[in-house]
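Subject: Handover of a structure

Dear colleague,

I am passing on to you the structure shown below. Please look through it alongside the notes that come after it.

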Amino acid sequence: MMEDILKKILQMREGKSEFKKLEENIKNMDDIKFEYLINRLKTQIEIVNKYKPKVRPALDPVISFELGVYRRLDDYEIGKLLNYPLCCIKSFSEDFRIAIDREHLKEAKEINTYAIVITSGFIPCSLKCKMAMKNGLLGYMDEEEFKKILKLEEELKKKLKHFHSAYDEFYEKIIVG
């Protein structure tokens with residue numbers, strides 16, 4: 001899941017990626033900062049792999065900040081880097097669906113599950129988007145799976161401390177039943 005993001009970041013550092021806007025920032029980053037970010041991402045991957053969740057957590061906020069995710073340099077590049085489906089990138093960027101909205105909540109009522117879990121920061125075009133599920137960005141969970149997500153999230157918060165005030169969750173959670 002997250003190993004693919006690591007691979008793409010390493011390719012950006014070498015100037016061998018398709019992410020030209022994001023790549024420039026990574027290529028110009030000093031070695032110490034870059035190694036620090038890579039080590040944080042490897043720590044996150046190690047923790048995530050221990051839990052094997054159906055839905056991957058959001059990228060560590062320190063890494064997201066340094067990559068330029070919050071600056072919205074290019075929604076399509078960022079979305080592709082983070083393995084977001086094109087339909088969801090278009091919904092976010094072109095239809096300006098920047099949060100879970102009434103349509104999402106209406107869909108949630110139609111889904112027979114304990115909880116709907118979404119990678120924090122990712123806004124699916126639909127809570128039924130098959131590509132978002134396939135890419136590990138959206139999932140329906142029973143109570144046991146949901147508790148595992150909460151444990152994973154707690155461990156990530158403890159081991160990847162940060163100062164981004166608006167980013168206190170690695171997952172968006174909708175309790176349905």
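Predicted model: local features only at pLDDT ≥ 70, side-chain atom pairs only at ≥ 80, totals over all residues.

Helix α1 and its neighbours

I begin with helix α1, which spans residues 3-13. Its buried residues are Ile5, Leu6, Lys8, Ile9, Met12 and Arg13. After the helix comes Gly15, whose phi is positive, near 75°.

Two of these packing partners can be described further. On the α1 side the contact is made by Ile9, Gln11, Met12 and Arg13, and on the α2 side by Leu22, Glu23, Ile26 and Lys27. Sorted by class, this contact of α1 with α2 holds four nonpolar, one polar and three charged residues.

The other partner is helix α3, residues 31-51. Here α1 and α3 pack at an angle of about 165°, and their axes are 10 Å apart. α1 and α3 are therefore roughly antiparallel to each other, as the angle is over 145 degrees. The crossing in which α1 passes α3 is left-handed. From α1, the residues Glu3, Leu6, Ile9, Leu10 and Arg13 take part; they meet Asp31, Phe34, Ile38, Leu41, Lys42, Ile45 and Asn49 of α3. By class, the contact of α1 with α3 divides into seven nonpolar, one polar and four charged residues. Ile9 and Arg13 of α1 are listed in the contact with α2 and also in the contact with α3.

Helix α3 against helix α9

Helix α3 also meets helix α9, residues 143-159. Their axes come within 10 Å and cross at roughly 160°. That angle makes α3 roughly antiparallel to α9. In this case α3 passes α9 in a right-handed crossing. The residues of α3 that take part are Gln44, Ile47, Val48, Lys50 and Tyr51, and those of α9 are Lys148, Lys151, Leu152, Glu155, Leu156 and Lys159. The contact of α3 with α9 comprises, by class, five nonpolar, one polar and five charged residues.

Two residues of this contact may be set side by side. Are Gln44 and Lys159 buried or exposed? Gln44, in helix α3, is buried, with a relative accessible area of 0%. Leaving aside neighbours within four places in sequence, Gln44 is in contact with Met2, Pro57, Ala58, Leu59, Asp60, Leu156, Leu160 and Phe170. Lys159, in helix α9, counts as exposed at 52% relative accessibility. From C-alpha to C-alpha, Lys159 and Lys50 are 14 Å apart in space, while 109 residues separate them in sequence.

Helix α6

Helix α6 covers residues 86-93, and its buried residues are Cys88, Ile89, Ser91 and Phe92. Seen down the axis of α6, these fall within an arc of 160°, so they line one face of the helix. The elements that cover them include α5 (75-81) and α8 (130-134).

Most residues other than glycine have a negative phi. Lys52 is placed in the loop between α3 and α4 and is exposed, with a relative accessible area of 65%. Phe96 is not a glycine either, and its phi is positive at about 55°. Phe96 is placed in the loop between α6 and α7 (102-110) and, at 54% relative accessibility, counts as exposed.

Yours sincerely,

A colleague

Terms used:
Residues numbered from 1 in each chain as written. Heavy atoms only, no water. Axes fitted to C-alpha atoms, helices over the stretch in contact; angles between N-to-C directions. Helix = DSSP H or I, 4+ residues; strand = E, 2+ residues; numbered from the N terminus. Parallel < 35°, antiparallel > 145°, perpendicular 65-115°, else oblique. Left-handed = near helix turned anticlockwise from the far one by under 90°. Contact = heavy atoms within 4.5 Å. Nonpolar A, V, L, I, M, F, W, Y, C, P; charged D, E, K, R; others polar. Buried < 20%, exposed > 50% of the residue type's maximum accessible area, 1.4 Å probe, protein only. Arc of directions from axis to C-beta.
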